[in-house]
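This briefing goes through one protein chain by topic. Please keep the sequence and the model open while reading.

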Amino acid sequence: MITFVDRVVLHLRAGDGGHGCVSIHREKFKPFGGPDGGNGGHGGSVSLVVDPQVHTLLDFHFRPHIKADNGKGGAGSNRDGANGGDLVLKVPAGTVVLSTTGEVLADMTGAGTVFEVARGGRGGRGNASLANARRKAPGFAELGEPGDEMDVVLELKSVADVGLVGFPSAGKSSLISVISAAKPKIADYPFTTLVPNLGVVRQENHTFTVADVPGLIPGAASGKGLGLEFLRHIERCSVLAHVVDTATLEPGRDPLADIDAIEAELSEYGGLADKPRIVVLNKVDVPDGQDLADITRADIEARGLRVFEVSAATRVGLRELTFAMAELVEQHRAATPVLEPTRIVLRPVAVDDAGFTIETDADGAFVVHGPRPERWVRQTNFDNDEAVGFLADRLARLGVEEKLAKAGAEPGSLVRIGVREFDWQPTLYAGADFTPGNRGTDIRLETQSSRPSASQRLAARKARRVRPEDELQAALAAAAAADADEAPVTVGGGDSTAD
C-alpha cells in the first residue's frame, strides 16, 4: 500500500466569533444598574507549522475538511464568551502552500516556521463595551465576525541534498538501499518506485540526505509517466546524480543518450540548470556494463561531468561516490545561508492612509473597500435601528460620507459595503450631535425609514391571521346593525308615522 502523499487540497474554515450580549443589570435597590453585556469570544484560527518529525501529507489526504472552534457568545454580568481553540497543523519541511489559482501563499522550509492560513473571526462587543458618555445604555451589541473560509493546495517538495535521477530500472533504489538505511521496494521491472524515497548517508563527519526520484522517461516534464508528479522533489536538491544503467539491453540506449534525454526533461521542467551534476555508471559488475562504461567515460568527462563507476550489487566504488557527494553538499551548504523560520514583519499603516477606498461599479453603485468598514458591516445587526445608526456614525467619523460626496454620490445613490447595499442619505449622518432615545431605536431613522413600526407589523400579523368565516360573520353583524338603525320606531303601541 502506498502511504506517501505529496499533494493534497485542504478545505479550511476558521471559527466564527461569538455575538456580544445585550443586558441591563437588574438588582434589588439598584434600579439603574447600567449595561452589563459581555463580549463574544474570538473564533479559532487555522495555522500550519513545520515539524521535522513529519515527512508526508498523508494525514490531510484522509481528513481534508478542517474547521476550528467558534467563539462563545457573551452573557450578562459582564461575562465574556470563551475563545475558540486554534488549530495548528503539522506539515513536513518543504511544504508549499498554494491557492486554488496557483498563487504561492507560503514556502515553508525552516523547522518551526508558522503560517496562519485562515484567521478566526472577531468576537462582537457587548453593550457594556459600547457604552460611552453619550450612549449610556446601548440597546444593541455587535455580532460575531465570520471566520475565513478558503481552499488551499499543499505540495511537498522534498528537502534532500542529493537527488538521484535516471531511467526506470537504472538501479536508483538499489543504490540508495546500500548507501543508507532506506529500504525501498526493488524489483526487476520498470516503475518499481512509485513514491520518492529518502535516505540518510553518514560518511565520517558528513551527514546528508539522498532522494530517490521515480524513474523519468522522455516526455516526463509534460506529464508522461510518473515524472511530472515527482520532478518537484528535486527542486531543492543541492546535487543531481545521473544514475545510468550500463547493462541495459534496450535498443538505442547508451549512457550518453540516457543523460541527454534526462537533461532535456530537466531543462523543460526549468529551474535546475545551476545545480551541480555527477554521473554514476551503475551495474559495472556485469561484463558488458564495464565495457560500455570504459567506452563512454571519456566522452562524459569531456562534458565537464565527474564520473563514478559503481555496482550496487557488489558495492564497488560506493566509498568514492559518497565522499564526492559529501564534498559537493558541503560546498553548497557553505555558500547557502542557513534556513531559518519565517520572521513576522510588521508594516505600519501610512499616516495618510484612510483605511478604505471607493470605486464605482458597472451598475453605478459606489463600492467601499476596506477592512474596517467591511468588518463593521458584518458585525452590525440590521434588525436593530440603534445598531444601524451606530454604524452610520462610525462610517461618518471614518470619512466615508465625505469621500462619497467627493466621488459624486448623491442622495439616494446605491452604496455597497461588503455584501450589504444602502441608499445613501447624507443628511441623516452629517456628524451632527445626536441624543439617543429608547433602547433599540434611532430617531433619525424613524422619519426616513420605510420600514413599518412594531405596532404596524403587529396589526399586519393580526390581519393575516383572520379567517374567512370570521370575516363573513363580522360582515353579517355589521349588516344587521345597519338594518336595525334604519327600521321605524314605534312609541306606545301606535304608529309613529306622521299624517
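Predicted model: local features only at pLDDT ≥ 70, side-chain atom pairs only at ≥ 80, totals over all residues.

Residues are numbered from 1 along each chain as its sequence is written, and side-chain values use heavy atoms, with hydrogens and water left out.

**Overall make-up**

- The protein chain holds 13 helices and 18 strands; helices (H or I, at least four residues) and strands (E, at least two) are DSSP runs, numbered from the N terminus.
- Of its 499 residues, 43% count as buried, where buried means under 20% relative accessible area, exposed over 50%, and partly exposed in between (1.4 Å probe, protein chains only).
- Taking contacts between residues at least 6 apart in sequence, 71% join residues at least 24 apart, a contact being heavy atoms within 4.5 Å.

**Nonpolar cores**

- A nonpolar core is a set of buried Ala, Val, Leu, Ile, Met, Phe, Trp, Tyr and Cys residues joined through side-chain atoms within 4.5 Å.
- The largest such core has 23 residues, and the members touching the most other members are V162, L164, L175, F208, V210, L321 and M325.
- Two or more residues of this core come from each of β9 (162-165), α3 (172-179), β11 (206-212), β12 (239-245), β13 (277-282) and α7 (318-335).
- The biggest contribution to this core, seven residues, is that of α7.
- Leaving aside residues up to four places away in sequence, V210 touches A160, V162, L164, I176, I179, N197, L198, G199 and V201.
- Another core lies apart from the largest one and has 22 residues, including V5, A14, L89 and A118.

**Cavities**

- A cavity is a set of points, on a 1 Å grid over the protein atoms alone, where a 1.4 Å probe fits but cannot get out, and lining residues have an atom within 4 Å of a point.
- Two cavities of 30 Å³ or more are counted; grid points are joined across faces, edges and corners, and a volume is the space filled by probe spheres set on the points.
- The largest cavity holds about 70 Å³ of space, and its lining consists of F140, A141, E142, W376, Q379, T380, N381, A387, F390, L391 and R394.
- Helix α9 (residues 385-398) provides the largest share of that lining, four residues.
- The lining of the largest cavity divides into six nonpolar, three polar and two charged residues; Ala, Val, Leu, Ile, Met, Phe, Trp, Tyr, Cys and Pro count as nonpolar, Asp, Glu, Lys and Arg as charged, and the others, Gly among them, as polar.
- The second largest cavity has a volume of about 50 Å³, and V165, G166, F167, A170, H242, V243, V244, D245, R253, D258, I259 and I262 line it.
- At least two lining residues of the second largest cavity come from each of β12 and α5 (255-269), with β12 giving the largest share, four residues.
- Seven nonpolar, two polar and three charged residues make up the lining of the second largest cavity.

**Residues with positive phi**

- Most residues other than glycine have a negative phi.
- N78 has a phi near 60 degrees, a positive value in a residue other than glycine.
- N78 sits in the loop between β3 (65-67) and β4 (87-91) and counts as partly exposed because its relative accessibility is 49%.
- R315 likewise has a positive phi, near 65 degrees.
- R315 is in the loop between β14 (306-309) and α7, and its relative accessible area is 54%, so it is exposed.

**Two partly exposed residues**

- T357 belongs to strand β15 (residues 357-360) and is partly exposed, at 41% relative accessibility.
- Not counting residues up to four places away in sequence, T357 touches V367, V368 and H369.
- T357 and V400 are 43 residues apart along the chain, with their C-alpha atoms separated by 8.8 Å.
- H61 is part of helix α1 (residues 58-62) and is partly exposed, at 45% relative accessibility.
- With residues up to four places away in sequence not counted, H61 touches V5 and V8.
- The C-alpha atoms of H61 and L10 are separated by 8.5 Å, and these residues are 51 apart along the chain.

Terms used
1 Å grid on protein atoms, 1.4 Å probe; cavity = no way out; pocket = protein on both sides within 12 Å on 5 of 7 lines; lining within 4 Å.
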